[in-house]
Amino acid sequence: GVVLVTAAPGFTNCLTALYVAKMAESPVVLLSGDSAIGTDGRGAFQELDQVTMAGPVTRRSWRVKDPRTIRQDLVRAVALSKAGRPGPVHLSLPVDVVEAEHPAGQFLPVEKGPPAVVSLSAEAERDLVSILRSADRLLLIAGPSAMRSAAFRELQEFGMEAGAAVVGMESPRGLNDPCLGAFADVAARADVVVLAGKPLDSTLNFGAAPGFQPQCRFVQIDADQLVLAQAHRNIPEDGRLYQATAGDAIRTALRCLRMAAAGALWKSTWPEEVRSAVEYRPQAWRLAAGPQQHTVGVLDAVQEFLDAGDDSIFIADGGEFGQWAQACITAGKRVINGTSGGIGGAIPFAIGARAAFPDARIVTVAGDGTMGFHAMEFDTALRYNLPFLAVIGNDAGWNAEIQIQIRRFGPSRAVGCDLWPTRYDRMVEALGGFGRHAETVSDVRHSLREAWDSRKPACIDVKVNRTPAPIVRNPPPVH
């Protein structure tokens with residue numbers, strides 16, 4: 001489906017959300033109110049060039065100029081948001097166009113949506129199959145929207161049978177994403193990498209060492225010509241990059257993989273090595289004394305709570321604490337802050353999840369910096385009776401920025417990133433919700449049960465240390 005969002009004429013607050021949707025490849029249509037066309041250039045209230053402002057963070061942005069085309073424009077916007085690589089589309093609705101009197105039945109006819117991207121030609125398929133067959137360690141990486149398709153699960157299952165490794169990637173940390181374990185170690189050994197709906201960008205170290213070996217060849221399958229052009233800029237050398245335009249990158253990759261494996265399956269432990277590396281989590285996280293033990297223990301308590309429900313939803317948000325959460329917690333349904341790395345959406349996401357799934361266990365794990373963006377949305381959750389549980393890792397700081405400053409400039413120059421040790425549980429209690437403060441893992445377990453029983457929007461404020469997000473390396477060998 002497509003998410004429809006409406007905004008007042010001062011739509012600038014939506015620009016960041018549009019960027020997040022673009023990076024997450026989510027089909028979103030923003031309908032924003034606009035000043036009247038008849039007052040253009042006269043300094044009308046909130047007169048802005050919305051189309052130009054939204055252009056860089058959307059697939060398309062335009063202004064409706066004729067009341068007869070409103071239906072046509074909306075249908076076109078929805079189709080564009082879903083076609084090829086999904087993403088946000090913006091429609092600006094001037095007040096005089098929306099309010100214009102227009103006889104019923106005189107709308108212009110709805111045009112057909114954007115043309116579908118054609119499948120690969122027979123020649124292109126043969127070339128791609130030949131490249132796949134030449135691989136010894138074939139790695140297929142899918143992007144965010146591709147991971148949401150049923151075909152991705154088919155590709156994973158067939159890849160394991162055929163001897164090809166298949167991985168999804170949706171984090172801004174890419175190869176170093178903690179929820180992918182020690183994936184970076186095995187990715188560096190691949191000799192052919194197929195990017196199915198996944199751009200070749202910074203998350204993959206632009207295809208260069210040490211992320212990948214210099215002789216590694218890449219196949220970029222995508223519907224977006226900008227993505228194909230970006231891949232060529234990052235790998236301009238002849239012979240290292242093969243590009244294919246396809247409307248459904250995952251289906252194309254699956255079909256070509258089946259054709260490549262028709263003669264003989266790849267016989268190696270490579271898929272198992274990749275799977276084992278992705279699932280690897282250092283035992284030291286739980287055995288070593290110090291702050292990591294506390295962080296992981298808190299998240300273990302959240303995992304136990306989610307596992308107790310038949311239909312659980314986990315939402316991760318924030319910097320370092322959010323990355324720990326992604327690495328340690330799994331659930332049947334998961335939402336993260338996506339390739340853009342934008343933070344702050346956890347509370348609204350949880351409210352939306354409750355509206356869609358009335359009986360699910362819904363837990364968002366977020367940092368205190370994240371909480372500052374939309375904390376007052378707890379009021380919305382209370383007014384509309386949409387309960388969820390928020391576990392806030394409170395280290396009184398913007399820890400992701402603190403860690404960056406320490407790495408680049410040293411501890412003495414980590415400045416401007418401290419926050420108050422605010423008791424967010426008390427804020428939620430003051431609004432009428434459930435609040436608890438926790439300093440031990442036992443406190444967290446008990447508070448989660450109490451919060452669930454309260455049937456209220458709940459905040460568990462957990463004191464945590466400023467622990468850097470993990471970078472996992474050196475998985476055990478697969479025999």
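**A glycine in a helix, and its setting**

Mentor: Start with G159, which is found in helix α7 (residues 150–162); helices here are DSSP runs of H or I with at least four residues, strands are runs of E with at least two, and both are numbered from the N terminus. Keep in mind that this is a predicted model: local features need pLDDT of at least 70, side-chain atom pairs count only at pLDDT 80 or more, and totals for chains, interfaces and linings use all residues. Residues are numbered from 1 along each chain as its sequence is written, and side-chain values use heavy atoms, with hydrogens and water left out.

Is G159 buried or exposed? Its relative accessibility is 0%, so G159 counts as buried (buried means under 20% relative accessible area, exposed over 50%, and partly exposed in between, using a 1.4 Å probe and protein chains only). Skip the neighbours within four places in sequence, and G159 is in contact with A164, V166, L257 and P271, where contact means heavy atoms within 4.5 Å. W62 is another story: 97 residues separate it from G159 along the chain, and their C-alpha atoms are 42 Å apart.

One of those partners, A164, also belongs to a core of 34 residues, along with A162, A244 and C256 among others. A nonpolar core here is a set of buried Ala, Val, Leu, Ile, Met, Phe, Trp, Tyr and Cys residues joined through side-chain atoms within 4.5 Å. That core lies apart from the largest one, which has 60 residues; there, L139, F183, V193, F218, I329 and V365 touch the most other members. In soluble globular proteins, nonpolar side chains tend to be buried together.

The peptide bond from A209 to P210 is cis, with omega near 5°, and P210 sits in the loop between β7 (192–196) and β8 (217–222). E25, in the loop between α1 (15–24) and β2 (28–34), has phi near 55°, a positive value in a residue other than glycine. Q46 also has phi near 55°, in the loop between β2 and α2 (50–54). E25 is buried, at 3% relative accessible area, while Q46, at 30%, counts as partly exposed.

Now zoom out. The protein has 20 helices and 15 strands. Its radius of gyration, taken over C-alpha atoms, is 24 Å, close to the 23 Å that the globule rule gives for 479 residues, so it is as compact as a globular protein of that length; the rule is 2.2 Å times the number of residues to the power 0.38. The C-alpha atoms fill a box of roughly 70 × 60 × 45 Å along the principal axes. Buried residues make up 50% of the 479. Of the contacts with a separation of 6 or more, 76% join residues 24 or more positions apart.
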